[in-house]
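These are my notebook entries on a structure that I went through element by element.

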Amino acid sequence: MKILVTGGAGFIGSNFIHYLLREHPDWHIVNLDKLTYAGNLENLSDVQDDPRYTFVHGDVADRELVNSLFEQEKFDLIAHLAAESHVDRSILDASPFIETNVKGTQVLLEAAKQYGVQKFLLVSTDEVYGSLGPDDPAFTEENPLKPNSPYSASKASADLLARAYFVTFGVPVVITRCSNNYGPYQHPEKFIPTIILNALADQPIPVYGDGLNVRDWIHVEDHCRALDLAMKKGEPGQVYNIGANNEHTNLDIVRTILKIMGKPETLITFVQDRPGHDRRYAINPAHTEAALSWQPSVDFYTGLTDLIAWYTANRAWWKRVKSGEYREYAEKWYGALTS
Ligand code: NAD
Ligand code: DAU
């Protein structure tokens, strides 16, 4: 099998490439990534010389480049993960979110339509459903899409475009909507890395608003296994919710991590809330569990404990991300980076 993975230098993408190389020794993977601030080739330095892996530096919204890749290779599968992924950044400037998440997805769908693939996996998000009240049932695949941030609106647009390419053109699209991931190689701008890194440095931990927003956490490894199954067993035109039935308030998460690390709760600092901050996400994964024979396997407390140990053992990785030095690694191999 030959698979095009987009956004493979990011958090989930790099974990997914590691997963695929481990689980499918005979697959060839092409990783198309623009290497924005979120793309870090050091996440994949251990596989860069693997003959089953090829990196292409480029933009998913660049139609010419995407078409030229399909002219050169016959891809069996596309796993589309590339995105602008951070809600706070979308509030500051929505434009790159439209360019990458909407236009980039359309360019890839068009290539899939023109050149043909066995499966087009669109990695969407639970944020497309909007926000839940405290007593609402968890999101099922039947919930309407009601995105609230420019990020989630751009992801909902991609999600609906993918559906349209299935209905109108028969592109074999499979859509997954996963809850909040945690695990190695996540960019330090996100919540759990912020907590761990600030706690390691005895720095204040910013908690937005009252800290009672609820997220439904899943280990990235469980997400990757579900993505692999969705590619293999997912039915074209179907949506698969992915989640681990693991809801926690943000405050709970900070307290748990501080306790594991032996750090004081006085580090918790309430800061101004995120505008339009979704109150609660919760995923009902019953359809995916039944249809793909999938179950999450990583216990949350164990996953967090292991992650804290990972940050302690991989100081060089996150120090280079924080200082910006990780960009030099990519520049050495692929020339000047633009964004
Ligand atoms: P990330 O920000 O860590 O990585 C995104 C990657 O995409 C980076 O390597 C970046 O360089 C690349 N990229 C950005 N714009 C590009 C472009 N125009 N062309 C090519 N590459 C580009 O994101 P992540 O957290 O790993 O998320 C991956 C995917 O999973 C996204 O589609 C996101 O919406 C989705 N998702 C994330 C979560 C989560 O909790 N992180 C949950 C559900 C779904
Ligand atoms: O639900 C899936 C989504 O999860 C993905 O689609 C997004 O790509 C991913 O970024 C994530 O979005 P969130 O906005 O939920 O994640 P973030 O880590 O930014 O924030 C998690 C919660 O923590 C949220 O309620 C905001 C809060 N927060 C975040 C940061 C960075 C804080 O209180 N303080 C912080 O410093």
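I looked up M231 and found that, leaving aside its neighbours within four places in sequence, it is in contact (heavy atoms within 4.5 Å) with I3, F16, L20, W27, L77, A79, K119 and L121. The model is a predicted one, in which local features need pLDDT of at least 70 and side-chain atom pairs count only at pLDDT 80 or more, while totals for chains, interfaces and linings use all residues. I note also that residues are numbered from 1 along each chain as its sequence is written, that chains are lettered from A and ligands numbered from 1 in the order in which they are written, and that side-chain values use heavy atoms, with hydrogens and water left out.

I then turned to the nonpolar cores, each a set of buried Ala, Val, Leu, Ile, Met, Phe, Trp, Tyr and Cys residues joined through side-chain atoms within 4.5 Å, where buried means under 20% relative accessible area with a 1.4 Å probe, protein chains only. The largest core has 39 residues, and those that touch the most other members are I3, V5, F16, L20 and M231.

Seven strands form an open sheet with parallel pairing, in the order 3-2-1-4-5-6-10. Strand 3 (53-57) and strand 10 (239-242) each have a single partner strand, so one side of each is left without a neighbour in the sheet. Within it, strand 1 (residues 2-6) and strand 2 (residues 28-33) run parallel and are joined by five bridges, with K2 opposite H28.

Which residues come nearest to ligand 1? I counted a residue as near if one of its heavy atoms lies within 4 Å, and of the 28 residues around ligand 1 the nearest are I12, D33, S85, Y151 and K155. For polar contacts I took pairs of N or O atoms within 3.5 Å: a polar side-chain atom of T100 lies 2.9 Å from a nitrogen atom of ligand 1, and a polar backbone atom of T36 is 3.1 Å from an oxygen atom of ligand 1.

Ligand 2 is surrounded by 21 residues, of which T125, D126, Y151, R274 and H277 are the closest. Polar side-chain atoms lie 2.5 Å from an oxygen atom of ligand 2 in the case of D126, 2.8 Å in that of R215 and 2.9 Å in that of N250.

Conventions:
Pairing = 2+ DSSP bridges. Helix = DSSP H or I, 4+ residues; strand = E, 2+ residues; numbered from the N terminus. Buried < 20%, exposed > 50% of the residue type's maximum accessible area, 1.4 Å probe, protein only. Polar contact = N/O pair within 3.5 Å; in protein donor to acceptor, adjacent residues only side chain to side chain.
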